[in-house]
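The structure comes up next, and the questions follow.

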Amino acid sequence: MIYDLSQPHYNGAPQFPGQPPNSTEYQQFAAEGEATVERCTFITHSGSHVDAPFHYLPELPTISELPLAHFYGPCVAIDLQGLPDEHGISADDLRRHESAITTNTMILIKTGWGDRRRNTKRFLTCWPYMSGDGAQYLLDRGVKGMGIDGLSTGGYPEKHAESDAHKLLLGAKKLLLEDIHIPDALLDGKRRFFAALPILIVNTGGAWVRAIVWDAGDLEREDPVHQVGPQIPEAVAAQITLMREPA
């Protein structure tokens, strides 16, 4: 099985408050006798993306300065659904999953926010986030990094909520993956393989990724493995249908 954790980009897709909206514009169309060509305007920290240490600490590596090995490895998903809105995930919250939080493992945290991704005030401002206390616990456990299904590792709108975990984890050069979708099927405690390879953009603190998880042995199969991933909103998916209709 291969699991697609990536949330889609599209016009007006949800993103961190205060940023300009995402935009995808068609410059020309195959339906008009040309090749279809798009122009995309996205901030690097929108949609499913990774943070580089440079994001908060300018003396540390940018996306292009990190090795590919930084972006893949073993992973395990943990279930933190049911936390209150705007809750700072603490060391006590994480200790309930202590057996899964092991050295050099990517910890994927399901709060449930990835299942409700849309432009509502609750989704855009109230997600559970990693506190400084929780981040220190992850460091003490020696994890490779963390992914979360809210818009950011940090919270909103208080500065300390936004920055404490970022600075601790990025300062230790841990991988941060944000705005993903974690299928319930991954909440079985099983260790799997993980990759979130970024677009190679020079001198940035973040980049878009196609984040995937797969079971051991999948890559040795001759037949295609079944894919599980988030659904593109119906209204967004319908736009391409309109473009394909005959004149």
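Helices (H or I, at least four residues) and strands (E, at least two) are DSSP runs, numbered from the N terminus. This is a predicted model, in which local features need pLDDT of at least 70 and side-chain atom pairs count only at pLDDT 80 or more, while totals for chains, interfaces and linings use all residues. Residues are numbered from 1 along each chain as its sequence is written, and side-chain values use heavy atoms, with hydrogens and water left out.

Q: Where is aspartate 93 found, and why is it called buried?
A: Aspartate 93 sits in helix H1. Buried means under 20% relative accessible area, exposed means over 50%, and partly exposed is in between (1.4 Å probe, protein chains only). Aspartate 93 has 11% relative accessibility, so it counts as buried.

Q: What makes the pairing of aspartate 93 and histidine 87 a polar contact?
A: A polar contact is a pair of N or O atoms within 3.5 Å; within protein, one must be able to donate a hydrogen and the other to accept it, and residues adjacent in sequence count only if both atoms are side-chain atoms. The side chains of aspartate 93 and histidine 87 are joined at 2.7 Å, so the pair meets the distance limit.

Q: Which residues does aspartate 93 touch, not counting residues up to four places away in sequence?
A: They are Leu80, Leu83, His87 and Gly88, where contact means heavy atoms within 4.5 Å.

Q: How do you know whether serine 131 is buried or exposed?
A: Its relative accessibility is 15%, so serine 131 falls under the 20% limit and counts as buried. Serine 131 lies in the loop between strand S8 (129-130) and helix H3 (132-141). Its side chain reaches the backbone oxygen of isoleucine 89 at 2.6 Å. Leaving aside neighbours within four places in sequence, serine 131 is in contact with Gly88, Ile89, Ser90 and Ala165.

Q: What makes a set of residues a nonpolar core, and which members of the largest one touch the most other members?
A: A nonpolar core is a set of buried Ala, Val, Leu, Ile, Met, Phe, Trp, Tyr and Cys residues joined through side-chain atoms within 4.5 Å. The largest has 25 residues, and Leu94, Ile109 and Met130 touch the most other members. Among the elements that give two or more residues to this core are strand S5 (72-79), helix H1 (91-95) and helix H4 (159-171). Apart from it lies another core, of 22 residues, including Val50 and Leu175.

Q: Why is isoleucine 182 called buried?
A: Its relative accessible area is 1%, so isoleucine 182 is under the 20% cut-off. Isoleucine 182 is in the loop between strand S10 (175-178) and strand S11 (192-198). Its contacts, not counting residues up to four places away in sequence, are Ala77, Leu108, Ile109 and Lys110.

Q: Why is tyrosine 72 neither buried nor exposed?
A: Tyrosine 72 has a relative accessible area of 45%, so it lies between 20% and 50% and is partly exposed. Tyrosine 72 belongs to strand S5.

Q: What stands out about the backbone at asparagine 203, and how do you know whether this residue is buried or exposed?
A: Phi of asparagine 203 is near 65 degrees, a positive value in a residue other than glycine. Most residues other than glycine have a negative phi. Asparagine 203 has a relative accessible area of 59%, which is over 50%, so this residue is exposed.
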